Amino acid sequence: MQTYHAGSRAVQDRAGVRDIADHVGQIIGQGIKPVAAAFLELQPLLILGAADPTTNRVWASPLTGPPGFVRATGPHRISVTGGPRPTDPLTPALTGARDLPVGTIALDPRTRRRMRVDGRLRSTARGFAIEAERVFSNCPKYIQRRESYETVADRAPAPSQHGGELTPAQAEFIASSDTFFLATVHEHGADASHRGGNSGFVQAVSPHELTWQDYAGNAMFLSLGNLHADPRAGLLFLDWNTGTTLQLTGKARTEFGQDGERRVRFTLDEAVETPGALPLRWSPPEYSPANPTPAR
């Protein structure tokens, strides 16, 4: 797989950072190094992004398990025991999958480290395996530190609530969030990435629309490049205390301001809220010193 496709190149050129992107893009590899394998085995949470081939909708889904439920089983393969909960929107796409393009991100709030593995997924008897095509780690920018977590053994997911627009409570949930995950796709693959900021950095401006500022990052523009090529997107918000998840699917576009500011505008197709979906309870956040103060 090429480092960049035409969508990423178009955004890089508009931002005037192609040379920087070529330099930074050298961090992307195909192999899982021992330090990366060790990192994966410590994580209780993995985010997976993909398009459901039946509905064509893109979702970002959380997977949890005891450390070791995600592990490298070779220099180009990771294995995941289990999968999303049965009612997760991506579960039908993963069941029996043989060559599904997926993107994953493992983020550790304790160390503010993250690692992304994109590739092709096939289901297995115990869960699924991913043949890695792109492996890389990002800087800790905009990741909120959470020093510890506990597994709440008696927490069970409540029935999911589906809707075609956001409720006032969901809009408030979004506005109070300091983190969300973004799933995007392109012709030959998928990607899952992290977005962070102080509470208020992303806003529901109507029951059908969200917007957020695209903060300065690594200049690769993988997510925005995917959206340039294919506007489908999935968003995942989670409550780090109660385990409630809010999954959104729809379409997104990037708006470029004259001063170089970029904003992403997301239009909702479907929302799925699941109270108590995750058994993890994390400690309160220590906000990243890189976070800008969101405009009000």
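Mentor: Let us begin with arginine 253, which at 44% relative accessibility counts as partly exposed. Please keep in mind throughout that this is a predicted model.

Trainee: Which strands hold arginine 265 and glutamate 255, and how many residues apart are they?

Mentor: The side chains of arginine 265 and glutamate 255 meet in a salt bridge, with an N to O distance of 2.9 Å. This pair links distant parts of the chain, since arginine 265 belongs to strand E16 and glutamate 255 to strand E15, and the two are ten residues apart.

Trainee: Is arginine 265 buried or exposed?

Mentor: The cut-off for a buried residue is a relative accessible area under 20%. Arginine 265 has a relative accessibility of 19%, so it counts as buried.

Trainee: Which residues are linked in a network of salt bridges?

Mentor: Two pairs have already come up, glutamate 255 with arginine 253 and arginine 265 with glutamate 255. The network also takes in Glu209, and its members are Glu209, Arg253, Glu255 and Arg265.

Trainee: Which parts does the pair of lysine 251 and aspartate 269 tie together?

Mentor: Lysine 251 forms a salt bridge with aspartate 269, and their closest N and O atoms are 3.6 Å apart. Lysine 251 lies in strand E15 (residues 245–256) and aspartate 269 in strand E16 (residues 262–274), so the pair ties together parts that are 18 residues apart in sequence. At 42% relative accessibility lysine 251 counts as partly exposed, and aspartate 269, at 31%, counts as partly exposed. The parts tied together are thus strands E15 and E16.

Trainee: How many salt bridges does the count come to?

Mentor: The pairs we have discussed, including lysine 251 with aspartate 269, meet the rule of a nitrogen within 4 Å of a carboxyl oxygen. By this rule the count of salt bridges comes to 19.

Trainee: Turning to the helices, which residues of H6 are buried?

Mentor: Helix H6 covers residues 222–229, and six of its eight residues are buried, so the helix is largely enclosed by the rest of the structure. The buried residues are Leu222, Ser223, Leu224, Gly225, Asn226 and Leu227.

Trainee: How are H1 and H6 oriented to each other?

Mentor: Helix H1 (residues 6–15) packs with H6 at an angle of about 115°, and their axes are 7 Å apart. The crossing of these two helices is right-handed. Angles of 65 to 115 degrees are classed together, and H1 and H6 are therefore roughly perpendicular.

Trainee: Which residues of H6 meet H1?

Mentor: On the H1 side, the residues involved are Gly7, Ser8, Ala10 and Val11. By class, the contact of H1 with H6 has four nonpolar, four polar and no charged residues. The residues on the H6 side are Leu222, Leu224, Gly225 and His228.

Trainee: Which residues does alanine 219 touch, beyond those up to four places away in sequence?

Mentor: Alanine 219 has its place in the loop between strand E13 (209–213) and H6. With a relative accessible area of 13%, alanine 219 is buried. Setting aside residues up to four places away in sequence, alanine 219 touches Gln12, Val17, Ile20 and Ala21.

Trainee: What is phi of arginine 112?

Mentor: Arginine 112 is found in the loop between strand E5 (100–108) and strand E6 (113–123), and it is buried, with a relative accessible area of 14%. Its phi is a positive value in a residue other than glycine, near 60°.

Trainee: Where is tyrosine 142 found?

Mentor: Tyrosine 142 has a positive phi, near 70°, in a residue other than glycine. With a relative accessible area of 10%, tyrosine 142 is buried. Its place is the loop between strand E7 (127–138) and strand E8 (149–151).

Note on methods. Residues are numbered from 1 along each chain as its sequence is written. This is a predicted model: local features need pLDDT of at least 70, side-chain atom pairs count only at pLDDT 80 or more; totals for chains, interfaces and linings use all residues. Side-chain values use heavy atoms; hydrogens and water are left out. Buried means under 20% relative accessible area, exposed over 50%, partly exposed in between (1.4 Å probe, protein chains only). Helices (H or I, at least four residues) and strands (E, at least two) are DSSP runs, numbered from the N terminus. Axes are lines fitted to C-alpha atoms, for helices over the stretch in contact, and angles run from 0 to 180 degrees between N-to-C directions. Angles under 35 degrees count as roughly parallel, over 145 as roughly antiparallel, 65 to 115 as roughly perpendicular and the rest as oblique. A crossing is left-handed if the near helix is turned anticlockwise from the far one by less than a right angle, and right-handed if clockwise. Contact means heavy atoms within 4.5 Å. Ala, Val, Leu, Ile, Met, Phe, Trp, Tyr, Cys and Pro count as nonpolar, Asp, Glu, Lys and Arg as charged, and the others, Gly among them, as polar.
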